[in-house]
Amino acid sequence: MLLVVAVLVLAAPAARPPDAEIRAAAEAMTPALVATRRDIHQNPELGNREVRTGALVAERLRALGLQVRHPVAKTGVVGVLRGGRPGAVVAVRADMDALPIQERNDVPYKSRNDGVKHACGHDAHTTIVLGAAEVLAGMKDRLAGTVVFLFQPAEEGPPEGEEGGAPLMLKEGVFDDPKVQAIYGLHMDPTLPVGEVGWSIGPIFASSDTFAIDVAGRKTHGAYPHTGIDPIPIAAEIVHALQLVVSRQIDAQSPKVLTIGSIQGGNRHNIIADAVHMKGTMRTLDARVRQDLKDRIARTVEGVAEAHGTTATLRFIGDGVPPTRNEAAHTRASVPSLQRVYGPGRTKEVAPQMGAEDFAEFAERVPALYVKMGVKNEARGITAMIHTEDFDIDEAVLPLGVRAVATLVFDHLARGGLKPEPATP
Ligand SMILES: [Zn+2]
Ligand SMILES: [Zn+2]
């Protein structure tokens, strides 16, 4: 009988999750969260130039007693929180950069940096992850493992000619010591009402590749085109043929976008141009479709030019970003934590979007879950999309986000990190 009792005690589930404690801590810090978010919002900095933001983050993490590495990947910060008990290593990533967009909102916390704005909500990401670090630091004796907080520069892409973002963070070893085994990421989402959170299994953001096409022509008089090579109709045919690749050559079930966003050539109405330059972007949700589309674009560009007796060159600019994938087991294990914070009815499986995120680089290396936190509030007129002059968030997302991140991390460590999914019979 005694033995049975002992076995029962050993097999008993871990202590109840500290939901009420996390909630109270997050709600008590709401005024401080709002102040931090507004401070960062008023002082936005472009990619690889997050000097003030990085210093603010490093100082806050040091004050919490974390082990801090700064600067990393130009202006980034890594904070390591070691729990009182041994266990897994999990990372949380926040991005810190703003965009070259003029703020149009007439709010007390309007950007003070002309032409630069936190129009993608990275001010909120930084604030939420700092808040979660504070909550978790306050409970570190009960944390079963280690948390690595990654504050990343240049998610929107580094300035041309510079390295940056997630690839540079990884190159500088942010996953290596301690060795990160799983990761969480988050984004503000103006398509979801505040108080809701979105997740998905598999792709949640698309791959992104930027390319340039140069079509060679030969200048001549506009009335005698046969004496030269006119690259303008050839370029038009390439644009059209590329849309046929998307709509006629690749499975309709597989989402993809190909956009030519810029086209330039010629300088006068009666002179045949000597070249046309085009730039575009392509998006997919699948690594194989991404490679297939790249190959087909190359074939089409070359083939159309050749058919008209000229040449066209295709160049991909930079390495691009793979699709962002949420790993199935990690996601399934984590969703109940989100449900306890947001409520089951407000925790929604969402469709992937064709935007891209360099968080994909982290998600390619360890199991990842990237969630979308609603910030829309129609009654208050907060509806603008990210990357616009009018974008804003309902700041009620801040304490909710802190609770969500702290709960995801606490629960993940409490269950011993990643567990292989039971094999289906
Ligand atoms: Zn963005
Ligand atoms: Zn963003």
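Modeller: Let us begin with the metal site, where C120 bridges the zinc ion (ligand 2) and the zinc ion (ligand 1), the two ions lying 3.2 Å apart. This is a predicted model, in which local features need pLDDT of at least 70 and side-chain atom pairs count only at pLDDT 80 or more, while totals for chains, interfaces and linings use all residues. Residues are numbered from 1 along each chain as its sequence is written, chains are lettered from A and ligands numbered from 1 in the order in which they are written, and side-chain values use heavy atoms, with hydrogens and water left out.

Biologist: Which atoms coordinate the zinc ion (ligand 2)?

Modeller: Donors are N, O and S atoms within 2.8 Å of the metal (3.2 Å for Na, K and Ca); water is not among the atoms, so sites may look incomplete. For the zinc ion (ligand 2), the coordinating atoms are SG of C120, NE2 of H122 and NE2 of H187, at 2.1 to 2.4 Å. Along the chain these donors follow the spacing C-x1-H-x64-H. C120 lies in the loop between strand 3 (85-95) and helix 5 (122-137), and H187 in strand 5 (residues 182-193), so the pair ties together parts that are 67 residues apart in sequence. Helices (H or I, at least four residues) and strands (E, at least two) are DSSP runs, numbered from the N terminus.

Biologist: Are C120 and H187 buried or exposed?

Modeller: A residue is buried under 20% relative accessible area, exposed over 50%, and partly exposed in between (1.4 Å probe, protein chains only). C120 is buried at 5%, and H187 is buried at 6%. Across the chain of 425 residues, 53% count as buried.

Biologist: How many helices and strands does the chain have, and how is the span of helix 3 to be judged?

Modeller: The chain has eleven helices and 16 strands. The expected span of a helix is 1.5 Å times one less than its number of residues. Helix 3 (residues 30-42), with 13 residues, reaches 18 Å from its first C-alpha to its last, close to the expected 18 Å. Its buried residues are L33, V34, T36, R37, I40, H41 and Q42.

Biologist: What covers the buried residues of helix 3?

Modeller: Contact means heavy atoms within 4.5 Å. The cover of the buried residues of helix 3 includes helix 2 (19-28), helix 4 (51-63), helix 5 and helix 11 (397-414).

Biologist: What lines the largest cavity?

Modeller: The largest cavity contains about 70 Å³ of space. Its lining residues include H187, M188, D189, F205, Q353 and K372, and strand 5 supplies the largest share, five residues. Ala, Val, Leu, Ile, Met, Phe, Trp, Tyr, Cys and Pro count as nonpolar, Asp, Glu, Lys and Arg as charged, and the others, Gly among them, as polar. By these classes, the lining of the largest cavity has five nonpolar, three polar and two charged residues.

Biologist: What is found in the second largest cavity?

Modeller: The second largest cavity has about 40 Å³ of space. Its lining has seven nonpolar residues, one polar and no charged ones. Strand 5 gives the largest share here, three residues.

Biologist: Which residues lie nearest the centre of the largest pocket?

Modeller: The largest pocket has a volume of about 1400 Å³. Of its 43 lining residues, E155, E156, G157, P158 and V321 lie nearest its centre. Strand 12 (312-321) is among the elements giving two or more residues to this lining, and strand 12 gives the most, with six. The lining divides into 16 nonpolar, 13 polar and 14 charged residues.

Note on methods: 1 Å grid on protein atoms, 1.4 Å probe; cavity = no way out; pocket = protein on both sides within 12 Å on 5 of 7 lines; lining within 4 Å. Points joined across faces, edges and corners; volume = space filled by probe spheres on them.
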